[in-house]
Amino acid sequence: MSALRKTLRPLLLTCAVLALVWILLPKPPLLDGISFSQVVRERNGKLLRVALSGDQKFRIWTPLNAISPEVITATLRYEDKYYARHPGVNPIALTRCAIDLIRFHRATAGGSTISMQLARLRFHLHTRTVSGKLE
């Protein structure tokens with residue numbers, strides 16, 4: 001038993017130090033490299049014109065506190081209803097996708113979470129599938 005403790009203690013200490021270092025490392029700004037639409041407003045704030053962003057999308061930056069809590073809740077429920085219960089990857093959805101892939105030889109549903117969608121946008125990853133083929 002003491003031999004197990006002698007091995008386990010340094011291993012746990014190493015894991016704790018690595019976790020602390022990971023937490024303390026500076027994180028890249030999420031919006032770096034994301035282009036936004038040019039917005040023209042009148043002096044009272046009324047929207048007059050919106051131009052496409054650099055990647056040909058309408059994307060208007062809005063501070064989180066200006067977005068209704070009901071919109072945030074509705075988005076989370078629609079996009080990722082288990083958002084608060086998984087670690088960024090939904091194991092149940094991914095298992096369901098794997099079973100469908102084995103049964104039908106193609107992806108019939110997605111296992112994407114909001115965290116994964118954010119990573120795709122942030123790091124410009126093209127990992128979405130269309131009828132089982134990578135885009």
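User: By class, how many nonpolar, polar and charged residues does the lining of the largest pocket have?

Analyst: Bear in mind that this is a predicted model. The lining has 17 nonpolar, eight polar and eight charged residues.

User: How is such a space found, and how much of it lies in the largest pocket?

Analyst: Rolling a probe the size of a water molecule over the atoms shows where empty space is left. Here, the largest pocket holds about 1300 Å³ of space. It is lined by 33 residues, and those closest to its centre are Leu31, Arg59, Ile114, Leu118 and Leu121.

User: Which elements give two or more residues to that lining?

Analyst: Two are on the list: α2 and α4 (114-122). The largest share comes from α4, with six residues.

User: Now Ser53. Is this residue buried or exposed?

Analyst: Start from the cut-off: under 20% relative accessible area counts as buried. Ser53 has 3%, so it is buried. Its place is the loop between β2 (47-50) and α2 (69-79).

User: Which residues is Ser53 in contact with, leaving aside neighbours within four places in sequence?

Analyst: Ser53 is in contact with Ser35, Phe36, Ser37 and Arg59.

User: How do strands β1 and β2 run, and how many bridges join them?

Analyst: Strand β1 (residues 39-41) and β2 run antiparallel, joined by three bridges.

User: What lies between the two strands?

Analyst: Five residues separate them, and the strands form a hairpin. Look at Gly45 in the turn: its phi is positive, about 95°.

Methods: Residues numbered from 1 in each chain as written. Predicted model: local features only at pLDDT ≥ 70, side-chain atom pairs only at ≥ 80, totals over all residues. Heavy atoms only, no water. Helix = DSSP H or I, 4+ residues; strand = E, 2+ residues; numbered from the N terminus. Buried < 20%, exposed > 50% of the residue type's maximum accessible area, 1.4 Å probe, protein only. Contact = heavy atoms within 4.5 Å. 1 Å grid on protein atoms, 1.4 Å probe; cavity = no way out; pocket = protein on both sides within 12 Å on 5 of 7 lines; lining within 4 Å. Points joined across faces, edges and corners; volume = space filled by probe spheres on them. Nonpolar A, V, L, I, M, F, W, Y, C, P; charged D, E, K, R; others polar. Pairing = 2+ DSSP bridges.
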